[in-house]
Amino acid sequence: MELLRIAHALDAELICGPDDWESMQIETVFASDLMSDVLMSEREQMLLITSLSTEQSIRSAGIVGSEAVVIANHKTVTEGMIELAKEQDMTLLVTRHPKYEASVCIGRIMEPQ
């Protein structure tokens, strides 16, 4: 599924991303605030949803090869997070939805018809 469709479904705000972020394909979604769990979840074309608004979430997402990170609960994104995301050519989005609601929303649109 294209990342743009997910961003629209979450009414998410783009913080930064590569030029082609809209057409990035997302196959799996992982939601967690525990970066130790994220580090155990290496998957292809993954989107991380977290309410942990720190540089650690971007570093962890980069280690597991996540294509994008969605920060839930409309938490403030720091300049350090933005710089790390840019260095890793990673898309960073923010949504007002809590992590659980964002996960359910994405699950509904990714569900096969």
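1. Alanine 102 is buried, with a relative accessible area of 0% (buried means under 20% relative accessible area, exposed over 50%, and partly exposed in between, with a 1.4 Å probe and protein chains only). The residue belongs to helix 5, residues 99–110 (helices are DSSP runs of H or I with at least four residues, strands are runs of E with at least two, and both are numbered from the N terminus). Leaving out residues up to four places away in sequence, alanine 102 touches Leu10, Ile49 and His97 (contact means heavy atoms within 4.5 Å). Alanine 102 and alanine 9 are 93 residues apart along the chain, and their C-alpha atoms are separated by 8.7 Å.

2. On the basis of these values: this is a predicted model, in which local features need pLDDT of at least 70 and side-chain atom pairs count only at pLDDT 80 or more, while totals for chains, interfaces and linings use all residues. Residues are numbered from 1 along each chain as its sequence is written, and side-chain values use heavy atoms, with hydrogens and water left out.

3. Isoleucine 49, one of the contacts of alanine 102, is found in strand 3. At 0% relative accessibility, isoleucine 49 counts as buried. Its contacts, not counting residues up to four places away in sequence, are Val29, Phe30, Ala31, Ser32, Val70, Ala72, Lys99, Ala102, Ser103 and Ile106. With valine 70, isoleucine 49 has a C-alpha to C-alpha distance of 4.8 Å at a sequence separation of 21 residues.

4. Lysine 99 is also placed in helix 5. Its relative accessibility of 22% makes lysine 99 partly exposed. Beyond residues up to four places away in sequence, lysine 99 touches Ala31, Ser32, Asp33, Ile49, Thr50, Ala72 and Asn73.

5. Which cysteine is buried, and which is partly exposed? Cysteine 16 is buried, at a relative accessible area of 6%, whereas cysteine 105 is partly exposed, at 23%. Cysteine 105 is placed in helix 5 and is in contact with Ala9 and Leu10, its neighbours within four places in sequence being left aside. The C-alpha atoms of cysteine 105 and valine 64 are separated by 23 Å, the two residues being 41 places apart along the chain. A search of the whole structure finds zero disulfides (a disulfide is a pair of cysteine sulfur atoms within 2.5 Å).

6. Helix 3 and helix 4 (residues 79–87) pack at an angle of about 15°, with their axes 8 Å apart (axes are lines fitted to C-alpha atoms, for helices over the stretch in contact, and angles run from 0 to 180 degrees between N-to-C directions). That angle makes helix 3 roughly parallel to helix 4 (angles under 35 degrees count as roughly parallel, over 145 as roughly antiparallel, 65 to 115 as roughly perpendicular, and the rest as oblique).

7. Which residues form the contact of helix 3 with helix 4? Glu55, Ser57, Ile58 and Arg59 in helix 3 meet Gly80, Met81, Leu84 and Ala85 in helix 4. The residues of this contact divide into four nonpolar, two polar and two charged (Ala, Val, Leu, Ile, Met, Phe, Trp, Tyr, Cys and Pro count as nonpolar, Asp, Glu, Lys and Arg as charged, and the others, Gly among them, as polar).

8. Serine 60 touches Met35, Val38 and Leu39, residues up to four places away in sequence not being counted.

9. Most residues other than glycine have a negative phi. Glutamine 45, however, has a phi near 45°, a positive value in a residue other than glycine. Glutamine 45 is placed in the loop between helix 2 (35–38) and strand 3 (46–50), and at 25% relative accessibility it counts as partly exposed.

10. Asparagine 73, one of the contacts of lysine 99, likewise has a positive phi, near 65°. Asparagine 73 is found in the loop between strand 4 (68–71) and helix 4. With a relative accessibility of 35%, asparagine 73 counts as partly exposed.
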